[in-house]
Amino acid sequence: MTPILHDTAPDFDQPIAVLKHCHDRIRKQLATLDKLLAHLPEFGADEQARQAAGAVLKYFEKAAHLHHEDEEQDLIPMLRAVAQGEDAATLQALAPVILQDHKDMDAMWQDLHEQLTAIAEGQGAALSASTVQRFSQRYSSHMEREEGTMAPMALRLFGPEQMAQLGKAMQRRRGIGTEANPVPAIGQAVADLRKDYGQASLNETDVMDDPMLQFTQWFEQALKAEVNEPNAMSVATVGPDGRPSSRIVLVKQFDERGFTWYTNYDSRKGQELEGNQHAALLFFWSELERQVRIEGRVERTSSEESDRYFRSRPLKSRLSAIASHQSAPIASRAELEQNYEVVARQAGDDPARPGNWGGFRLVPERLEFWQGRRSRFHDRIIYERQEDGSWTRLRLQP
């Protein structure tokens, strides 16, 4: 019998088989890692070691993340849409574990990436045995979990239409098309991007009477869920010409008084707030399918508050705030760094806060809590401050 010389892959009309095929390729790369670990102490970064390191790098850099996205963006949301009873309970327990596995494996891969790159380039021969072991064990248990639960559930619950939907999504992600189903132009591909939300709901009876307490509860849940930069918010201001502008900043404090951030008062946002004290904030926590929109009047924090926060910053951040005339043009990065060096020599270890740098606080007048729901039928609850300081609450249509 003639042996099969190549690794045949199932077509995308069998998307679950494709996922299993991806797992098999991952297992081969993990086996290569184990062999490389045993090879290096005796032979160093020879030609075989360089080729092996390059093969592992190529797969995990170019292909493994696509497999993660298949699960996060398509397989899990599609299962959530159809699972009921015990299946729904199993999925509710398993999906967060799968997503956490992806984060942990990505973190471990960053450590391995640096070592493998050095080996592939012949500039190093060190490979951490403990990291390889943890990486292989996590990937192996992750794949077993999916093959033992997720894949069988999909095969039971998905009909032909859903299998076709999953397969086409996987094809698009890999840039694969056919005459019958060509890969769309990028503009159309963007138009077709969509994610069906379904993690939670938001009802009038569930939210608190005070929107700041409601925000605090959501913020704590974002921290617990390890949302990426939960304190990042968009700040939108309006210039004298009536044109809006926005940027991402980090909220440094929020309480019953409002939401506080710090900046250069001479920056574009500082100048625009000088002319128009009304602004809007937006927090977006995609992992929880939530956003909070906040509108209100902006005021400066007291000098004492600004001084206190400025002193709490790392020294290099304080020096940067002094050296940079934020939003003003400069000829080059070299000139910017030269300004920093001059300030660093002159300011010492305890520089004073410059008078044009300090805090802004948005005093909220309107807050909207948005929870993503399936089929774009989202939940929207808004609070509006009344003249006596109390809050009214109502639901908006999606």
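**Helix contact and strand pairing**

Guide: This is a predicted model. In helix H3, Ala64, His67, His68, Glu71, Leu75, Ile76, Leu79 and Val82 meet Tyr139, His142, Glu146, Met150, Met153, Ala154 and Leu157 of H5. By class, that contact of H3 with H5 holds 10 nonpolar, three polar and two charged residues.

Visitor: What makes these residues of H3 and H5 count as meeting?

Guide: Contact means heavy atoms within 4.5 Å. The residues named in H3 and H5 meet on that basis.

Visitor: Why is strand S1 called mostly covered?

Guide: Buried means under 20% relative accessible area. In S1, residues 232-238, five of the seven residues are buried.

Visitor: How do you know that S1 and S2 pair?

Guide: Pairing takes at least two bridges. S1 and S2 (residues 244-250) have seven, in the antiparallel sense. One of the bridges links Val238 to Pro244 in S2. Five residues lie between the strands of this hairpin, and Gly242 takes a positive phi near 85°.

Visitor: What makes S1 and S5 a pair?

Guide: Again, at least two bridges are needed. Three bridges join S1 to S5 (residues 278-285), and these strands run antiparallel. Ala236 has Ala280 as its bridge partner in S5.

Notes:
Residues numbered from 1 in each chain as written. Predicted model: local features only at pLDDT ≥ 70, side-chain atom pairs only at ≥ 80, totals over all residues. Heavy atoms only, no water. Helix = DSSP H or I, 4+ residues; strand = E, 2+ residues; numbered from the N terminus. Nonpolar A, V, L, I, M, F, W, Y, C, P; charged D, E, K, R; others polar. Buried < 20%, exposed > 50% of the residue type's maximum accessible area, 1.4 Å probe, protein only.
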